[in-house]
Amino acid sequence: MSDVVNEAVTALNAKMDGAGFDGSAKFVIEDEGAIIIDGDGARAGDDDTDVTLTASAEVFKAILDGEQNPTTAFMTGKLKVDGDMGQAMKLSGVLS
């Protein structure tokens, strides 16, 4: 597992402040690995989920840091979404 994924898991768990996510989502960070977010929080993994979001490490970090709006990233093609769009929108609220 890459340092990028490890740092992202730590940042996501801090951002969610111990709360789980109602549903399941996977962030695929291109050339780095994948992160699962579900009722237990965030962890490295590659399980099947309700929705998969794919972005470069730079875009993912910008979203986590609040420098990139996830909806804008999606609309401009920087963030790809595959699966349940409703889950993706709920996750956007968790990340903001």
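How many aromatic pairs does a search of the whole structure find? The search finds 1 aromatic pair. Rings of Phe, Tyr and Trp (its six-membered ring) pair if their centres lie within 6.5 Å; planes under 30 degrees apart count as stacked, over 60 as edge-to-face and the rest as tilted.

1. Basis. This is a predicted model: local features need pLDDT of at least 70, side-chain atom pairs count only at pLDDT 80 or more, and totals for chains, interfaces and linings use all residues. Residues are numbered from 1 along each chain as its sequence is written, and side-chain values use heavy atoms, with hydrogens and water left out.

2. The aromatic pair. A pair of aromatic rings is described by the distance of the centres and the angle of the planes. For Phe27 and Phe60 the centres are 4.8 Å apart and the planes stand at 65°, so the pair is edge-to-face. The pair links distant parts of the chain, 33 residues apart. Phe27 belongs to strand E1 (residues 25-29) and Phe60 to helix H2 (residues 57-64). Helices (H or I, at least four residues) and strands (E, at least two) are DSSP runs, numbered from the N terminus. Phe27 is buried at a relative accessible area of 3%, and Phe60 is buried at 4%. Buried means under 20% relative accessible area, exposed over 50%, partly exposed in between (1.4 Å probe, protein chains only).

3. A charge over a ring. Lys90 lies over the face of Phe21, 5.9 Å from the ring centre. The criterion: NZ of Lys or CZ of Arg within 6 Å of the ring centre and within 35 degrees of the ring normal.

4. The core. The largest nonpolar core has 24 residues. Leu12, Phe27, Ile35, Ile37 and Phe60 have the most contacts inside it. Helix H1 (3-16), E1, strand E2 (33-38), strand E4 (51-55), H2 and helix H4 (85-95) each supply at least two residues of this core. Such a core is a set of buried Ala, Val, Leu, Ile, Met, Phe, Trp, Tyr and Cys residues joined through side-chain atoms within 4.5 Å.

5. The sheet. 5 strands form an open sheet in the order E3-E2-E1-E4-E5, with mixed pairing. E3 and strand E5 (80-83) are the edge strands, and each pairs on one side only. On average, neighbouring strands of this sheet are turned by 20° against each other, direction ignored. Two strands pair if DSSP finds at least two bridges between them. Angles run from 0 to 180 degrees between N-to-C directions; axes are lines fitted to C-alpha atoms, for helices over the stretch in contact.

6. E2 and E3. E2 and strand E3 (residues 41-44) pair in the antiparallel sense over 4 bridges. A hairpin of 2 residues joins E2 to E3. Ile37 stands opposite Ala42 in E3, and Ile35 stands opposite Ala44 in E3. Ile35 lies in E2 and is buried at 0% relative accessible area.

7. Helix H1. H1 lies across E1, E2 and E3, running at about 175° to E3. Val5 lies in H1 and counts as buried at 1% relative accessibility. Not counting residues up to four places away in sequence, Val5 touches Ile29, Glu32, Gly33, Ala34, Ile35 and Ala44. Contact means heavy atoms within 4.5 Å. The C-alpha atoms of Val5 and Asp22, 17 residues apart along the chain, are separated by 22 Å.

8. Helix H2. Is H2 enclosed or open, and why? H2 is largely enclosed by the rest of the structure because 6 of its 8 residues are buried. These are Ala57, Val59, Phe60, Ala62, Ile63 and Leu64. Just after H2, Gly66 takes a positive phi of about 80°.

9. Asp31. Most residues other than glycine have a negative phi, and most peptide bonds are trans. Asp31 is not a glycine, yet has a positive phi of about 65°. Asp31 sits in the loop between E1 and E2. Asp31 counts as exposed at 81% relative accessibility.

10. Thr52. Thr52 lies in strand E4. At 18% relative accessibility, Thr52 counts as buried. Leaving aside its neighbours within four places in sequence, Thr52 is in contact with Lys26, Val28, Lys80, Val81 and Asp82.
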